[in-house]
Amino acid sequence: MLVQQQTIQFSEHSSLYDLIIPRNNLLRKINDLIDFSFIYDELLYH
């Protein structure tokens with residue numbers, strides 16, 4: 001079973017991401033498909 005990712009709001013300007021990056025952009029698709037939360041865990045605990 002896949003766990004739904006939580007959205008982390010880093011800045012009040014993060015909403016610009018949706019306005020600037022096209023929906024069919026490869027990097028957006030990668031971000032939607034891969035859970036990068038392990039990176040946040042590494043950053044918080046080191």
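**First stop: K29 and its helix**

Begin by selecting K29, which is found in helix α2, where helices (H or I, at least four residues) and strands (E, at least two) are DSSP runs numbered from the N terminus. This is a predicted model, in which local features need pLDDT of at least 70 and side-chain atom pairs count only at pLDDT 80 or more, while totals for chains, interfaces and linings use all residues. Residues are numbered from 1 along each chain as its sequence is written, and side-chain values use heavy atoms, with hydrogens and water left out.

At 42% relative accessibility, K29 counts as partly exposed; buried means under 20% relative accessible area, exposed over 50%, and partly exposed in between (1.4 Å probe, protein chains only). Show its surroundings next: not counting residues up to four places away in sequence, K29 touches R23 and N24, contact meaning heavy atoms within 4.5 Å.

**Second stop: R28**

Move to R28, also found in helix α2. Is R28 buried or exposed? R28 is buried, with a relative accessible area of 4%. Once its neighbours within four places in sequence are set aside, the contacts of R28 are Y17, D18, I21, P22 and R23.

Two of these partners deserve a distance label. Between the backbone oxygen of P22 and a polar atom of the R28 side chain the separation is 3.2 Å. (A polar contact is a pair of N or O atoms within 3.5 Å; within protein, one must be able to donate a hydrogen and the other to accept it, and residues adjacent in sequence count only if both atoms are side-chain atoms.) With D18, the side chain of R28 forms a salt bridge at 3.3 Å, N to O, the term requiring a side-chain nitrogen of Lys or Arg within 4 Å of a carboxyl oxygen of Asp or Glu. This pair links distant parts of the chain, with R28 in helix α2 (residues 26-33) and D18 in helix α1 (residues 16-20), ten residues apart. D18 is partly exposed, with a relative accessible area of 42%. A search of the whole structure finds one salt bridge.

Now select L26, L27, I30, L33 and I34, which make a nonpolar surface patch of about 530 Å². Patches are made of residues with over 30% relative accessible area and no salt bridge, like charges being joined within 9 Å and nonpolar side chains (Val, Leu, Ile, Met, Phe, Trp, Tyr) within 5 Å. Within this group, I30 lies in helix α2 and is partly exposed, at a relative accessible area of 31%.

**Last stop: the whole chain**

Zoom out and colour by confidence. The chain has three helices and zero strands, and its mean pLDDT (the predictor's confidence in each residue, from 0 to 100) is 78, with 74% of residues reaching 70 or more. Buried residues make up 2% of the 46 residues in the chain.

Definitions and conventions
Areas by Shrake-Rupley, 256 points an atom, 1.4 Å probe, with all protein chains shown as cover.
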